[in-house]
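Open the structure in your viewer and keep the selection panel at hand. This tour goes stop by stop.

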Amino acid sequence: MSNYSLRCLAIFGMLLIGTVAAVALYSISFAMPGNNFTILAQQDLETKKYRNMVIDLGDGVKTRAQLTLPAVGNGPFPGVLLIHGSGTTDMNETESSSKPFWEISEYLSERGFAVLRYDKRGIGEGGTVINTSIWGNMTINDLIEDSKKALNVLMQQPEVDPKRISLVGHSEGTIIAPRVAIDNSTNVKNIVLMGVAAQNALDLEYYQDVLAPVEYAHQVVDENHTGLISVQQIAKDLTLLNSLYKFNSGSYIYNFLSSYIPGKYPTPSETEAISGALAKDFGTNDFISIDKQLEPVLTKRYENHTSNMTSLECNQTEYARWFQSYANLIPPLSVIGNVSNSTGILMLNGENDSQTPVEQAFLFQQRLTDVNHPDHTLITYPDLGHLFYPSPPMSTSSGPIPQYVLADLYSWLESHSGLSYPYLAPAFSNMTTTTPSGANETGSSNSNNN
């Protein structure tokens, strides 16, 4: 390269540095023959903006909401409504070190979507109950109607294209989103179901309380696959202990688990005390049969718990009325086939999901195939749990959603919202899809990194 060329490049570099020196910067370096050059780029460029809102849910009930918009352009942008999971859930789905809805809204809005999320009725920031009367009298039908009201608010925003609306439901939200889509088939273009709940409350509760712990005992605790586990093995396994005693609030083990600090292993004296309590409960301090002794105990506790939850008067517990309404709801599996053929459906599920197991998503997929729904895709993620974070079996760990999950979500929504086409197959997952043309495509690829 000539000296003249080098001088020109040097002058260009000086001008570039002077132009952007007033903002926060980071550097990208590359090499040319005989020289290294550094280009400075903006680090604090605004890519999204926010609008805080209040949604009127009717009957004097109001809740906080936030609309996240792309920072560039006036729209109209395709809109996304986030519908949260069960429990005391705020607009971010705040759970320990996880805020999945905040992450989703940030990711999508940076890439061209207007995203609305809202606090569940009676719930405030951080998942705190701010109105016990509203929360205690809530039913699943209330939550369905709340989502419809939030949908109307989203469509009324001047920056949003009301003809390009997608619903993203997580867990309980996968029960709600299909129903909202069916009742608003001309407006809802797509639904995304994350952590699919296909069966009713009692069936899912039975899986969580009985089937999953029994399978965990066989696959993880019983290392020799004899069908037997010792009292001492149970005492050292906090996951199995929690399954046994999560409803037994008066027991020593329940009190221990309630005060247990994650990452702190039980002391020898605590393990000995737990072993003694287990020996009393099972009538032995030796081995017990998983199928003949452990499973009946789990089944009995499930029956007692669900019987109480479906028979209590609504004012006796804040949880009962919601559970009653959920237990009496037509199962989602009987509803999903009624979603319009013009509505695209994406299902995402972690393969280590212990709350809405991946088999639930398979049931939805089978049903949609049976009714010849023309555009549905199922993506499953090895090693991810209910919050789409790496989790061991029978546990739900929390943390940032891996970038590849967010990329899959965005890529599918992008291709189904008139922004681009075709949809690119995910790189870190297992996928089965039925395309609008009716052709089935399958692909799989596993990765152990984020």
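**The whole chain**

The model is predicted. Show it as a cartoon: the chain has 14 helices and 14 strands. Next, colour by accessibility. Of the 450 residues, 50% count as buried. Residues 24 or more positions apart account for 66% of them.

**Stop 1: α8 and α10**

Select residues 238-245 for helix α8 and residues 268-282 for helix α10. Their axes lie 13 Å apart, at an angle of about 45°. The crossing of α8 past α10 is left-handed. Show the side chains where they touch. From α8, pick Leu241, Leu244 and Tyr245. From α10, pick Ile274, Leu278, Asp281 and Phe282. By class, this contact of α8 with α10 has six nonpolar residues, one charged residue and no polar ones.

**Stop 2: α6 and α8**

Which residues meet here? On the α6 side, they are Pro213, Tyr216, Ala217 and Val221. On the α8 side, they are Thr239, Leu240 and Ser243. The contact of α6 with α8 has five nonpolar and two polar residues, with no charged ones.

**Stop 3: α2**

Move to residues 100-109, helix α2. How many of its ten residues are buried? Nine are, and the helix is mostly covered. Highlight the buried ones: Pro100, Phe101, Glu103, Ile104, Ser105, Glu106, Tyr107, Leu108 and Ser109.

**Stop 4: serine 354**

Select serine 354, in the loop between β11 (344-350) and α13 (358-370). Is serine 354 buried or exposed? Buried means under 20% relative accessible area. Serine 354 has 12% relative accessibility, so it counts as buried. Show what surrounds it. Leaving out residues up to four places away in sequence, serine 354 touches Tyr207, Gln208, Met394, Ser395 and Thr396. Finish on threonine 396: its side chain and that of serine 354 are joined by a polar contact of 3.5 Å.

Technical notes
Residues numbered from 1 in each chain as written. Predicted model: local features only at pLDDT ≥ 70, side-chain atom pairs only at ≥ 80, totals over all residues. Heavy atoms only, no water. Helix = DSSP H or I, 4+ residues; strand = E, 2+ residues; numbered from the N terminus. Buried < 20%, exposed > 50% of the residue type's maximum accessible area, 1.4 Å probe, protein only. Polar contact = N/O pair within 3.5 Å; in protein donor to acceptor, adjacent residues only side chain to side chain. Contact = heavy atoms within 4.5 Å. Axes fitted to C-alpha atoms, helices over the stretch in contact; angles between N-to-C directions. Left-handed = near helix turned anticlockwise from the far one by under 90°. Nonpolar A, V, L, I, M, F, W, Y, C, P; charged D, E, K, R; others polar.
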